[in-house]
Amino acid sequence: MHSPRHPDRFVDRHIGPDTRDVVEMLEVLGKGSLDALIDATVPAAIRLQRPLDLPPGRSEHGLLQDLQQIAAKNQVFRSYLGMGYSDTVTPAVIQRNILENPGWYTQYTPYQPEISQGRLEALLNYQTMVIDLTGLPVANASLLDESTAAAEAMSLVHAVKGGDAKAFFVASDCHPQTIEVVRTRAEPLGFRVVVGDPDTFDFKTQVFGALLQYPATDGRVRDLRAFIERVHQHGGLAVVAADFLALCLLTPPGELGADVAVGSSQRFGVPLGYGGPHAAYFACREEHVRYMPGRIIGVSQDAQGRPALRMALQTREQHIRREKATSNICTAQALLAIIAGMYAVYHGPRGLKAIAQHVHGLTSLLAAGLRKLGFKLRHPHFFDTLAVEAKADEIVAAAAAQRINLRRLDARTVGISLDETCSREDVESVLAVFGSGAVLDRLEAESALPPKLVRSSAYLTHPVFNTHHSETEMLRYMRLLESRDLSLTHSMIPLGSCTMKLNATAEMLPVTWPQFGRLHPFAPRSQAQGYTQIFDELSAMLREITGFDAVSLQPNAGAQGEYAGLLVIRRYHEARGQGHRNVCLIPQSAHGTNPASAAMAGFKIVVVKTDQNGNIDLADLEAKAKANAKDLAALMVTYPSTHGVFEEGIQRVCSIVHEHGGQVYMDGANMNAQVGLCRPGDFGADVCHLNLHKTFCIPHGGGGPGMGPICVGRHLAPYLPGHPVVRVGGEEAIGPIAAAPWGSASILLISWAYIRLMGGEGLTQATKVAILNANYIAKRLGPHFPVLYVGRNGTVAHECILDLRKVKRDASVEVEDVAKRLMDYGFHAPTTSFPVIGTLMVEPTESEAKAELDRFCEAMIAIREEIREIEQGKQPRERNVLKGAPHTAEVLTADSWDRPYSRQRAAFPLPWVRGKKFWPAVGRINAVLGDRQLICSCPPIEDYAA
């Protein structure tokens, strides 16, 4: 008798189609088995000839028990380390209803704004908060972390100033990780980073800009106005990296003369998470807005003239500007920005000021106690951080014995940074490390802020920050916004190249456990043994899945993975005395971040043609590889291709590049079609990044977070990214490309859990079903919208491209019209006009059952019939049901109706729509108006009333 085994298998929860669904779909495809479909789709020459060597799949209950034991290996000391990271209180109403709520975290980036008004408003709140606190007129909707935001600011400043200056000044009292990330970014661009003291820098070196920390990493608060004025006098722009909470009490950067302000909003309610994910902020002067990286939420109007929100100035994005983009930023940190913004909404200006005063008051009390004990402070003016002159090693060790982490600034100086979770008892505990005799009740705490820097300007005056302070009101506000957004909790999101699969609850639960959430990223590694186990096991599993030899978990977005991989290739060539190799071949069909990343890595881009079947033109590749053989550094290739097919010639593609001295970088955006079937490390790639927020189940969060670790061959392993505070990476590591050593460490738990729950067999089955679902959709919709590209045997990979160019010619129907009409059926549109203008790219993933696929197909077929009526003259070309989409409840219930189709047809075009109706919050949005009249902060409340 077999040993009893619990019948509940996670694989069956994750994969949507059951056995009957699979059989029925295979019958439609004319395939006798799932393996027959895979054999027809994936080239035999690259197939993995054995099962993945991974642990067997676990039950959800069993895995969470295992994870509790792993979590117990982490030791949560009281960390007063600072350096841009602070413990914080996430209000329970925000934690439960946003951070832990799939209605928020399973949303996609708001490219379809009519069904994204909730998170767009939440992000507009965030931008308004940033604008108010920094004193600068425009802000974006978040970046990846403070250090990369500082690097982005350097790029903006250079793009604005241009000229001959190639040096960028960085104050030596900036956070150490920021200095090094800026150095990493500067090197391939040909910039020289000059690190020095603003008090003594003489400007004999011509600089195009300067970066200052406010307050400094050692706590010093100084007036930056005089230095900023000198930067301006010498033709540069000034960037200030500012502590968000400090700005509630200190004069904001904009009033000091800064041109750009950056920083982290982590301490506004976002857990430490051993380094992330956290939302960085970025604000600048209005004249620089078109150089600003990342997304900007702007105010526009819908078709009825009502205020509506959208992502503004999208032509700045790397998908459009490609190698001319000033940034490769694709993933932001939307979910974390929303949490930080809601923290401000919940506390309001008075609450935030009170928290800042609480933190500063305790720090001043600690300072008084230390002086009472005879210790000298390095700086008289501070906000929350003290630099104490003491025997650092002795004090740090004594603190650790009391489960307290203090920062060793140097051999004779200890750093102490307090936060909102601190109490008088915590101050007493810290003082006890230094000695006895400082009784708090006998101490007087006086403000240590310079009188000339005490903030006098108001902030957060908009009603949204002064209304929702009871939990009841806050709960209802967040639920109202959630109701305006379509997420995976309502229907499939069939975005091609985005892999919007299930984000299982069991995978998400551990992220907010305090054993994982409250660890400071620079805590001693001995306190993070649980995380170490997760990192080691996840890295080993990713190596097995990809066929590579080494992994870096640092890149905290897919585009950052691209950038890191290219820098590793660059360093590899330099180490071999071939640093002149600077040509990167990129196919026409490449993802927009590819050329943008290559440009940032200092490469010259040469475009390779694709043939009529959407494949890389091998003759053109060979010709260009040969022509650039002396300087060839790399090829960037996506596999399966962005056209949705497994190219038969991928091995030849790799060998051509290798024969001419280059390395092959594989974009892992489409890894969901490879897992368990083939491995990039086996068929010729040298480095590959993985979108853990696609293939490995980290949720998209409405536009971030994401993770983009890179996997590399043995020859590239020595160059994996390092870090100045915690030792990671290879023996000859490139500099850090993210602020934290392991990027957004806490969400690596999700991918670890997914792989452990599925096991090798489950992962392989998921890949097969993803391919099955895509082929089923292609087969059903092909007669109505031609499938643009198929493989040699007439199949597609995990996604398919539907060609709508004929209906534009015949009926004047645009791709956008179909996308907006799908909202009336309750669906988010597939990817529009990428990688081919006038098409829709559909990726259903393995998580959608046949019933949902059928509903989507029925919607698309019904839309095709609506288009046919236009072609036949039964409906006008301009005022038809597609041009009028999406239809809001307000429009449909208005007293008057003058459209040439019925209200019933507009709202409930198929019988099942009535029971699953999702109402768009606004009508079609005027994109041109929103860009022409850019407003990126909350408009007056009267605008909404109107």
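**View 1. The second largest cavity and its lining.** This cavity has a volume of about 110 Å³. Its lining counts 19 residues, and those closest to its centre are Tyr-85, Asp-145, Glu-146, Ser-264 and Ala-739. A cavity is a set of points, on a 1 Å grid over the protein atoms alone, where a 1.4 Å probe fits but cannot get out; lining residues have an atom within 4 Å of a point. Grid points are joined across faces, edges and corners, and a volume is the space filled by probe spheres set on the points. By class, five lining residues are nonpolar, twelve polar and two charged. Ala, Val, Leu, Ile, Met, Phe, Trp, Tyr, Cys and Pro count as nonpolar, Asp, Glu, Lys and Arg as charged, and the others, Gly among them, as polar. Helix H8 (146–161) and helix H9 (176–189) each supply at least two residues of this lining.

The model is predicted: local features need pLDDT of at least 70, side-chain atom pairs count only at pLDDT 80 or more, and totals for chains, interfaces and linings use all residues. Residues are numbered from 1 along each chain as its sequence is written, and side-chain values use heavy atoms, with hydrogens and water left out.

**View 2. The largest cavity.** The whole structure holds eleven cavities of 30 Å³ or more. The largest has about 250 Å³ of space. Lining this cavity are 21 residues; Gly-84, His-175, Asp-243, Arg-267 and Asp-384 are the closest to its centre. Six of the lining residues are nonpolar, eleven are polar and four are charged.

**View 3. Helix H8 from end to end.** H8 has 16 residues and spans 22 Å from its first C-alpha to its last, close to the 22 Å expected. The expected span is 1.5 Å times one less than the number of residues. Of the 16 residues, 13 are buried (under 20% relative accessible area, with a 1.4 Å probe and protein chains only). At the start of H8, a side-chain oxygen of Asp-145 comes within 3.2 Å of the backbone nitrogen of Ser-147. Just after H8, Gly-162 has a positive phi of about 55 degrees.

**View 4. The seven-stranded sheet.** The sheet is open and mixed, in the order S2-S8-S7-S6-S5-S3-S4. Strands S2 (138–139) and S4 (192–196) each have a single partner strand, so one side of each is left without a neighbour in the sheet. Helices (H or I, at least four residues) and strands (E, at least two) are DSSP runs, numbered from the N terminus. S2 and S8 (residues 280–284) run antiparallel and are joined by two bridges; strands pair if DSSP finds at least two. Val-138 has Cys-284 of S8 as its bridge partner.

Note on methods
On a 1 Å grid over the protein atoms alone, a cavity is a set of points where a 1.4 Å probe fits but cannot get out, and a pocket is an open set with protein on both sides within 12 Å along at least five of seven lines; lining residues have an atom within 4 Å of a point. Buried means under 20% relative accessible area, exposed over 50%, partly exposed in between (1.4 Å probe, protein chains only). A polar contact is a pair of N or O atoms within 3.5 Å; within protein, one must be able to donate a hydrogen and the other to accept it, and residues adjacent in sequence count only if both atoms are side-chain atoms.
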